Amino acid sequence: MATTAPTSTAAPPGPERPGGRGGGGGKGRRAGLPGTRADRWTAPGMLAPFGFFYLVFLIGPLLYLLVAGFFNTSLVKGGLGDWVGLDNYARALSTEEFWASLWHSVWFTVLTTVPLVVLALVLALLTDRFSRGRWFFRLAFFAPFVLPSSVISLMFMWIFADQIGLAQSWAKFFGSDSPPSWLGDPDWAMISIAAATVWWTIGFNFVIYLAALQEIPRDVHEAAALDGAGPWQRIRHIVVPMLGRATTLVTVLQLVASLKVFDQIYMMTGGGPDRATEPALLYVYNTGFTEGRVGYASTVSLVLFVMILLISLVWFALVRRAEKES
């Protein structure tokens, strides 16, 4: 009678290593983890360079900003200067130029945030419906975002130029006898810069929305279609609610980026005409680096930082409350 040898899935015994797993017993297992202590320091060691630069380039300047606001610090004198207490804060809150620059930052944020969120969502929804050629729309909408701000500024300075610019030519083509000076008219300068910014940066929000759309399971669309929901009903009752977290992220990032606007305004108008486009950061730059009033500029910077932080926290709180209620 033939017999079958029992099949074993265990690994053949190998040579026993001193302190290895093959040693058996609790003592052997403890000795088999010689790298535990070293592994404990692996993550902190890898994060140490980031922590160093975080302290040097973020926490350090923020502390200097806080301290310099209580002194009459100047670029032409060494040290912090004379102690002035809260005079810089009182001067900032009573200065018309300071409030005007804050309003310009808020106005630019309103002009850019709404279209950059809504248009990015619409473009992502339209692109997501294409089964072929989707890569072309991704490239077309995202390509302007990789261009540097200097290139965008020079390009739109030519488009908005008086007499020879494309914008005035288009306005005359559509029947305007006397088109405005897009960058020279105080009423149109900020709107023109906002239009250039929307065209330039919409690709970033578009990519976030497109990635969030692709996370929605196709089964949800198919189930809604079987229940009789049309395309608009699916977008309104399924897609938009499921994009809530993406919309929160896009809105907060856009609010912070718009409140910190500097590059394109500095290069396209320099804050003019008549300081009509001077945002808060450009006001900080002019007072701190042009006039040399570092203490006062630090105060304005700290006020702007607190304002952006509060707006972000309030927005997050409102969104979380809405999510809990829904």
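Trainee: How many of the protein's 326 residues count as buried, as a percentage?
Mentor: Of the 326 residues, 35% count as buried. Buried means under 20% relative accessible area, exposed is over 50%, and partly exposed is in between, with a 1.4 Å probe and protein chains only. Bear in mind that this is a predicted model, where local features need pLDDT of at least 70, side-chain atom pairs count only at pLDDT 80 or more, and totals for chains, interfaces and linings use all residues. Residues are numbered from 1 along each chain as its sequence is written, and side-chain values use heavy atoms, with hydrogens and water left out.

Trainee: OK, and how many helices and strands are there?
Mentor: The protein has 15 helices and 0 strands. Those are DSSP runs numbered from the N terminus: helices are H or I with at least four residues, strands are E with at least two.

Trainee: What share of the contacts with a separation of 6 or more comes from residues 24 or more positions apart?
Mentor: That share is 65%. Contact here means heavy atoms within 4.5 Å.

Trainee: Let's pick one residue. Where is serine 298, and is it buried or exposed?
Mentor: Serine 298 sits in helix α15, residues 294-325. It counts as buried because its relative accessible area is 4%.

Trainee: Which residues does serine 298 touch?
Mentor: Leaving out residues up to four places away in sequence, serine 298 touches Leu65, Ala68 and Gly69.

Trainee: New topic: how many salt bridges are there?
Mentor: The count comes to 3 salt bridges, each being a side-chain nitrogen of Lys or Arg within 4 Å of a carboxyl oxygen of Asp or Glu. One of them joins arginine 218 and aspartate 128, at 3.6 Å from N to O. That pair links distant parts of the chain, with arginine 218 in helix α10 (residues 218-226) and aspartate 128 in helix α5 (residues 96-128), 90 residues apart.

Trainee: Are those two buried or partly exposed?
Mentor: Arginine 218 is partly exposed, at 43% relative accessible area, while aspartate 128 is buried, at 12%.

Trainee: What about glutamate 278: which side chain does it meet in a salt bridge?
Mentor: Glutamate 278 meets arginine 275, at 3.1 Å from N to O. Glutamate 278 is buried, with a relative accessible area of 5%, and arginine 275 is partly exposed, at 41%.

Trainee: And which residue pairs with glutamate 291?
Mentor: Glutamate 291 forms its salt bridge with arginine 293, and their closest N and O atoms are 2.7 Å apart. Glutamate 291 is partly exposed at 47%, and arginine 293 is partly exposed at 30%.

Trainee: Last one: which helix gives the largest share of the lining of the largest cavity?
Mentor: That's α9, with 4 residues.
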